[in-house]
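Look at the sequence and the model first, then read on.

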Amino acid sequence: MRPKIMMMFSCSVCVILSVILLMSPGFIPSVICFCAFALLPMWSPMAKLLAGLGTNEESNQIFAWLDLVIAVSALLTGFAASAAVAAFASIAGVRVILVICLVMNVLVVVTLPMVDKTTKEDFVKMKKENEGGFTLKNVLILFRDPDQWLVWLAIGLGYTGYIGIAYLAPLMVDAFGMSEAVATALSTVTNHGVGIVAPLIAGALATRFGAVRSYLLWLAFSVKGRSAISSTVLTNIEMPVFLFGTSVGIESLIMTIPDTFCYTIAGNMIEANGTNGYYYVFGMCLAFAVAGLACCIIVDRRLKAGKTSAWFMEQHHHAKSEN
């Protein structure tokens with residue numbers, strides 16, 4: 001399906017769900033609404049839409065600006081919700097977030113047709129020019145591509161750095177006696193403040209040195225900088241656009257897997273070892289980052305040899321046609 005159609009559908013449903021939640025429907029209906037939020041197709045079509053708006057070089061800046069806008073939006077929404085909670089009650093903060101979410105989704109539905117002016121005919125033509133577009137055969141080829149697996153693993157392993165960020169503030173409180181208020185401010189800076197600056201630097205470095213090398217650099221220094229160019233790495237390996245959304249979806253799945261067990265392991269480390277457990281957690285994140293670095297180095301060498309995803313896809317189709 002066209003990314004524009006999927007995003008407009010998802011945002012329209014978000015508007016409806018937000019309105020329902022604002023009416024305080026009760027516990028079970030609220031749970032259903034929040035589960036529906038999680039199931040809506042949003043990130044993959046958005047990444048594919050943005051990847052198709054410019055060249056590989058321009059995508060470095062496009063995704064960097066996306067991360068910047070996300071950070072600023074989260075920061076402003078957080079401050080607005082905090083102010084509402086301080087002035088009224090906790091439920092007021094939730095209502096503020098819902099209203100902001102509703103307005104932003106309405107804006108997307110209204111403005112998206114102005115941003116993406118492609119038609120259904122354009123989409124059908126693109127599919128014909130790209131071996132039928134999304135087909136089971138092409139997806140199976142995608143799963144056989146070493147570049148894809150190396151990038152998916154690098155991105156998934158790098159994502160575990162967020163586990164370290166989550167335990168930074170508790171470490172400051174438990175080990176160094178920092179107050180909860182200061183720790184909360186520190187969390188705001190690390191989660192959102194750095195996210196305002198890092199994406200633009202990451203985008204500039206990716207434009208100059210390539211997203212794969214820039215990603216390697218950010219894996220060693222900042223989770224926030226790494227995040228800004230995660231999808232750009234896929235454009236640098238010349239990921240075929242007609243399967244870009246599929247690749248981003250698989251990337252998102254792999255990124256989610258560590259969340260299912262890493263926090264449990266981290267909690268057990270801290271419970272068993274006290275404040276030293278925090279350092280074990282950071283060591284675990286460092287080990288994952290090093291593994292991600294190794295994946296990036298291998299990808300970089302493959303790209304130097306001309307072995308891109310587009311090359312792999314072309315070779316496979318050429319072999320099929322000869323048979």
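Leaving out residues up to four places away in sequence, Ile237 touches Asp147, Gln148, Val151, Val212, Val299, Leu303, Thr308, Ser309 and Ala310; contact means heavy atoms within 4.5 Å. The model is predicted: local features need pLDDT of at least 70, side-chain atom pairs count only at pLDDT 80 or more, and totals for chains, interfaces and linings use all residues. Residues are numbered from 1 along each chain as its sequence is written, and side-chain values use heavy atoms, with hydrogens and water left out.

Ile237 is also among the residues with the most contacts inside the largest nonpolar core, which has 37 residues. A nonpolar core is a set of buried Ala, Val, Leu, Ile, Met, Phe, Trp, Tyr and Cys residues joined through side-chain atoms within 4.5 Å. Helix α8 gives the largest share of this core, six residues. Another core, of eleven residues, lies apart from it and includes Ile163 and Tyr167.

Helices are DSSP runs of H or I with at least four residues, numbered from the N terminus. Buried means under 20% relative accessible area, exposed over 50%, and partly exposed in between (1.4 Å probe, protein chains only).

| Helix | Residues | Buried residues include |
|---|---|---|
| α7 | 136-144 | Asn138, Val139, Ile141, Leu142 |
| α8 | 146-159 | Leu150, Val151, Trp152, Ile155 |

The buried residues of α7 are Asn138, Val139, Ile141 and Leu142. They cover an arc of only 155° around the axis (taken from the directions from the helix axis to the C-beta atoms), so they lie on the same side of α7. The face turned away from that side carries the exposed Leu136 and Arg144.

In α8, ten of the 14 residues are buried.

Note on methods: Helices (H or I, at least four residues) and strands (E, at least two) are DSSP runs, numbered from the N terminus. The expected span of a helix is 1.5 Å times one less than its number of residues.
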